[in-house]
Amino acid sequence: MRPSPAVLRDIVLVGGGHSHVGVLRHFGMKPEPGVRLTLISATLDTPYSGMLPGYVAGHYSFEQVHIDLPRLAAWAGARFVHDEAVGLDLAAGRVLLADRPAMAFDLCAINVGSTPQVAGVPGAAQHAVPVKPIPQFNARWLALLQRVRAQPGALTIAVVGGGAGGVELCLAMQHRLRRERQATGGDPETLRFHLFTQSKQVLPTHNAWVQRRFAQVLAERGVVLHLEAPVSQVTAQGLWAQSPNSPAQLWPADEVVWVTQAGGPAWLQASGLLLDAQGFVSVNASLQASDARVFASGDVASFTDRPLEKAGVFAVRMGQPLADNLRRHARGEPLRTWRPQRRWLALISTGDRHAVASRGAIGFAGDWVWRWKDAIDQRFMRRFNTWEAQRMAQEALPMQQAGTPQVALSVAERAQMKAAQSMRCGGCGAKVGASLLHQALADVLGTSDAARAKHPDVLIGLNAPDDAAVVRVPPGQALVHSIDFFRAFIDDPYLFGQIAANHALGDLYAMGARPHTATAVLTVPPGLDAEVQEQIRQLMAGALRVLDAADCALVGGHSAEGQELALGFAVTGLVDADLSGLMRKTGLQAGDALVLTKPLGTGVLMAAYATAAQVPGFRGAWAMEALQAMCRSNRAAAQVLAQQGVVACTDVTGFGLAGHLAEMLQAATPALGAELDMQALPLLAGAEHCAAAGVTSSLYGANRQWAQALLDDADWAHRADRADVARHALLFDPQTAGGLLAGVPAHRVQSCMAALAQAGDVQASVIGWVKTNDEGGPVLRLRPAPAAGAVAS
């Protein structure tokens, strides 16, 4: 990760809706110096609502209708935080998150859409399927598809909601499910559909011709339409609804889909923002909420000048004015007003590549209308996946647009930036200021057992102002010492803190030691006091989450200014003084199975993520999975290996699998060899794809040069027709917080693998076997994966 310019303003985008992807695109095309964007989203892929019915109907794949948020954020130079917003702390200027510390903001924009309000109808929350959040609906939809394919019996589906969304979804589901039933030899007439609405007509906000047209389509398709039929209860057997001339009755249904009565997310109620009666954020003509630092757009925004329909067209068109006003607010310039159109064109599909157009009093329909809609939708999606051309356009911007920041600063902030940009001292003059450090650590140290010196062996720790810690070594124990330190490779300090702590503890776990104490060393770039303070707060909160879980006491540390964010730990662990139970690199025996507890690929995936727009087919979800793998501790795996009597172990880190395994083989007496089963290597999703595309991490070349001479791979390594050429490259891929590599006695392999899986290391694999090496020469022999169409022996 290259050094970044000083951050003067943090704009936090909550939600990955249509408006916010537009904001990311605009800032990606024209960055604002001094402004950092952060996107917070509980989902990795955001659907384009205009194409979602087409996905349900089977006309599009999942990828065709979803925007890859981590990849878009990476292209735009924005941070991506995979978590759910659960509140706002306006007094502190922070977004509250479900699974990590609150995130500070200077400006905040909310684009989380609307949520079907099922709580007001008894049983709906338990038995109905809301169309939002989309990931949950999609999981239920895929299960329903599988049910229709596997079970030939009758099935009744009820859709609640007679607006454009409910009608379009109902027809799309019917079209797809009837085709699936027919394709499996079943009778599509056994599928029954009901549509319930409390309105007098379907599509009540559209003109009479469009209403009649869809009423006709529903009748022709055999969908039973229930008008003026509010649903009063949902049960496991179906739903209760009344009609104008009869009391409520039970309508049997196997699946109830809820597409009505939308409102804002519940957490907004306690946010302190002014909301409308449905719980949406009230905004003015500049899309600004009651707090001047907060903006809202899309369905979650309630436009106070005049009511707007909850339609995707408005969310899309708010993107440009929202981006402009966020930029102008950061610069201290007057905001501009947005004037939404009075009439707009709605293209509503009927499930079967046919669509109806509606605009004011005008309506028309045809297959050609669907093709028109398809062209519009595809053009919209291309704006978010043709980043090469957009990056070229960005690079062509005049130099002044990427030059001096135009952010409006206070007098105090200008003084801080002047100091940060002046000549910086070395020695102890390069330390982070005491007041900044103490304020940054106050939050996290107060909630951490590891940092509050509650550990019984910490006699003097962070709870005292002394120059060093004093720690008791328990009787009969010996200390294991290690240190790790590296610069940040991601721009999320909280995750980086977790990964750095995990990486440091990995050496202790590899030797069978129990973590005891840790001392932190960090560097942080100079900048605004608030930014430096927030970086340290997030960084140490992540690290302490890992240290607390490991029962490892943080007893001290050192901080200094540097060009880049970096973090490391000097750690100690405990083992029995007689060294019983110790695991070492020297303990391999011929016949041992080689077990790797974590999948490979963190190096190549992080390298690809850094240039995501340049790797065809790259998925942001791959990078998120790699980060999760790096955040996973080796503690449970180390305990399993110790219980299985393993004496040979190391952690796979910077030198890659080949390098660390070679160290173990050469350290054995006499020297040993090994055969690796390339097909058995556990790999992170996307690692092979990126390696095949030629992506490598910066240490790859040195790793390969050193370990290549130890490999007997001349028979196949450079042949393009082999299935495992990409896997060969991953042998040298440097791993961060990688898994444990252990030699497991042959008679313990089965029980060891079962115990690892039970402990949560479900991707642990037997990747090869230790062999004698009487003839000398290369110590590693590779068994290739079967070629395409071949059968493995």
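Contact here means heavy atoms within 4.5 Å. The model on screen is predicted.

**Stop 1: Ser 232**

Select Ser 232. This residue sits in strand E15, residues 231-235. Ser 232 is then in contact with Val 121, Pro 122, Trp 240 and Ala 248. Now draw a distance from Ser 232 to Ala 248. Their C-alpha atoms are 7.9 Å apart in space, and the two residues are 16 apart in sequence. Is Ser 232 buried, partly exposed or exposed? Its relative accessibility is 39%, so Ser 232 counts as partly exposed.

**Stop 2: Val 129**

Go to strand E11, residues 128-130, and pick Val 129. Val 129 is buried, because its relative accessible area of 5% falls under 20%. Show its contacts, not counting residues up to four places away in sequence. Val 129 touches Phe 137, Arg 140, Glu 255, Val 256, Val 257 and Trp 258.

**Stop 3: the five-stranded sheet**

Colour strands E5, E2, E1, E9 and E21. In that order they make an open sheet with parallel pairing. Where are the edges? Strand E5 (79-82) and strand E21 (294-296) are the edge strands, each pairing on one side only. From one strand to the next, the twist averages 20 degrees.

Zoom in on strand E1 (residues 9-14) and strand E2 (residues 35-41). They run parallel and are joined by six bridges. Pick Ile 11 and look across to E2: its bridge partner there is Leu 37. Helix H4 lies across E2 and E5, and runs at about 155 degrees to E5.

**Stop 4: the seven-stranded sheet**

Move to the open sheet of seven strands. Its order is E33-E36-E32-E37-E34-E38-E35, and its pairing is mixed. The edge strands are E33 (648-651) and E35 (711-712), and each pairs on one side only.

Select helix H24, residues 749-758. This helix packs on the sheet and touches strands E32 (593-596), E36 (740-744) and E37. The direction of H24 makes about 150 degrees with that of E37.

How do they run, parallel or antiparallel? They run antiparallel, with five bridges joining them. Pick Glu 675 and find Trp 769 in E37, which stands opposite.

**Stop 5: aromatic pairs**

Show the rings of Phe, Tyr and Trp. The count comes to 15 aromatic pairs. Start with Tyr 55 and Phe 62. Their ring centres are 6.2 Å apart and their planes are at 75 degrees, so this pair is edge-to-face. Tyr 55 is buried, with a relative accessible area of 10%. Phe 62 is partly exposed, at 27%.

Now take Tyr 60 and Trp 370. This aromatic pair is stacked, with 6.3 Å centre to centre and 15 degrees between the planes. The pair links distant parts of the chain, 310 residues apart. Tyr 60 is in the loop between helix H2 (52-57) and helix H3 (62-65), while Trp 370 is in helix H11 (residues 367-382). Both Tyr 60 and Trp 370 are buried.

Then select Tyr 48, Phe 380 and Phe 384. Ring pairs link them into a cluster.

**Stop 6: charges over rings**

Pick Lys 310 and Phe 280. Lys 310 lies over the face of Phe 280, at 3.8 Å from the ring centre. For an arginine, select Arg 327. This residue lies over the face of Phe 27, at 4.3 Å from the ring centre.

**Stop 7: the nonpolar cores**

In soluble globular proteins, nonpolar side chains tend to be buried together. Here, the largest nonpolar core has 225 residues. Which members touch the most others? Select Val 95, Ile 110, Met 540, Phe 569 and Leu 731. Helix H15 (residues 493-510) supplies the largest share of this core, 11 residues.

Centre the view on Val 95. Beyond its neighbours within four places in sequence, Val 95 is in contact with residues including Val 12, Val 14, Ile 40, Leu 88 and Phe 105. Finish at another core, of 15 residues, which lies apart from the largest one. Its members include Ala 128, Ala 158, Ala 229 and Trp 258.

Notes: Residues numbered from 1 in each chain as written. Predicted model: local features only at pLDDT ≥ 70, side-chain atom pairs only at ≥ 80, totals over all residues. Heavy atoms only, no water. Pairing = 2+ DSSP bridges. Helix = DSSP H or I, 4+ residues; strand = E, 2+ residues; numbered from the N terminus. Axes fitted to C-alpha atoms, helices over the stretch in contact; angles between N-to-C directions. Buried < 20%, exposed > 50% of the residue type's maximum accessible area, 1.4 Å probe, protein only. Phe/Tyr/Trp six-rings, centres within 6.5 Å; stacked < 30°, edge-to-face > 60°. Lys NZ or Arg CZ within 6 Å of the ring centre and 35° of its normal. Core = buried A, V, L, I, M, F, W, Y, C linked by side-chain atoms within 4.5 Å.
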